[in-house]
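Subject: Handing over the structure

Hi,

Here is the structure I promised to send over. Have a look at it first, and my notes follow below.

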Amino acid sequence: MLLNIVKSTALVALASCILNAGEFNAQAEKDRIALIEYTVAKFKDAEKNRDNFFPYSTDDELKNNIKKDIKVEEFAMGNYAFSIQGQFSYNEIKDMPPYEELVEQGEELYNDNKAIQACFPDTTIAGDYPYFDQKRNEVISLTGAINECLVNAGQEKWNEKKGKMPILQAYFAAQSTEAEKKVNITIPTAEAAAAYERGKEYYYTQRGYLKLSCATCHVQGAGKRVRNESLSQFLGQTTHFPVYRLKWGKDKVANGLGTLERRMEGCIKDQGQVPPKTNSKQMKELLYFMAYMSNGMNVDGPDVRK
Amino acid sequence: MKKLYSVVATAGLALAISGCTTNTVSTPSFETLDEKQLCNVKSNGIENVLATAAKYNKIAKEHGVEFKRLGMTNTQYIDETNKSIKAGSDKVVLLDKKGKATKNSVSVEYATQRACKFAVSALILEAEGKKTWRTAVPGDGFKY
């Protein structure tokens, strides 16, 4: 009798696991689709949708600076997707992008380091990170994986924000872009889904002395103007990293390139809070959630931003 | 046997009650903190307010929600205020993002009050945020 109960319980548990196996990303998919629908609706016709989305923008801005009917794929360009004036400057910079020589340096870094070659035999992996490691039950970022690889080979860790780290990542991103890879983040287990949810909560929670969440600027605030800057939209926010920021590179070109962690650290400081460490669980789960929201979009890094 | 049952039941009940009580005590509701009252330098005195700042900022750090403004963490703010008081100065020199002294300063009274406000507000905001964050999620609490 007892044996029968144990057997049937095990069977029910197994069946439940099998049934749920493909559904760990169900909530994430709902979130992703809702974000796409919101972003597309917001930028369908800014002038016409003023009351809903842009109550404080001027007529001139809505008419002359925000594009209409933007395709989902275009949102990978950040605020240049909708900002007509911004796109003009962006296209000019892209004629001779300042990161080009850094991508070449990244290729040299790769070719000169046997350990990196062994850890990353495929260089078109930019869209696959961060991923959830089922054995370790944690999110692995590309930055963390590179440093772990170096340490395991007896080499020194690299700076997680600038220098060699984004330079190598720029090479991976360029290779992935050339291979027409797409962002491909998976949520394979319940633990991965929980990590995703924690990242989501972090993104949408107000924090710091300014009481801002990431979403205040990049979901509800996307397309609105802060001084002379149009705020970029969340959708497609991770597809193009590492980025070369003109602000970062003003003193030294090599410092212009930064990882996604560097950018997020800056954003969280701007909210008025001490940011989590770049390789902390909190930061990695935040990036995991953010990357999932760009799932299916083309990898198009490295790119340039103000 | 009956005695054994009653002992087990009593012990279970006691454990359950003590568990509930312990939980209530160990998770204070920061949302109900009265920041204006706690951080009032005039009524509480500078040293008490600074001690309040240090107490709540320690928790804010542990929770990963410490405030930072213009490159200066609240911990640095508290430390610099303490240094100024010990040195007998009425000014707190502000630091830049590398921790070096800038040309700017504020009064000890102002620095104390702000350090306390930042420490307490960080915890209030964290508690509120746990209830409100879903209202910003498209497809969840955010309607447009």
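What share of the contacts in chain A with a separation of 6 or more comes from residues 24 or more positions apart? The share is 70%, where two residues are in contact if their C-beta atoms, placed from the backbone, lie within 7 Å.

Before you read on: this is a predicted model, in which local features need pLDDT of at least 70 and side-chain atom pairs count only at pLDDT 80 or more, while totals for chains, interfaces and linings use all residues. Residues are numbered from 1 along each chain as its sequence is written, and chains are lettered from A and ligands numbered from 1 in the order in which they are written.

Chain A has 13 helices and seven strands (DSSP runs numbered from the N terminus: H or I of at least four residues for helices, E of at least two for strands). Its C-alpha trace spans about 80 × 50 × 40 Å along the principal axes. Of its 306 residues, 42% are buried (20 or more other C-beta atoms within 10 Å of the residue's own; exposed means 12 or fewer, partly exposed in between, with C-beta atoms placed from the backbone).

One cysteine to look at is A:C119, in helix α7 (residues 114-119). A:C119 counts as partly exposed because it has 15 C-beta neighbours inside 10 Å. Its C-alpha atom is 8.1 Å from that of A:I146, 27 residues apart along the chain.

Finally, the contact between the chains takes 24 residues from chain A and 17 residues from chain B. On the chain A side, α2 (26-42) and α10 (190-204) each supply at least two residues, and α2(A) gives the largest share, five residues.

Best wishes
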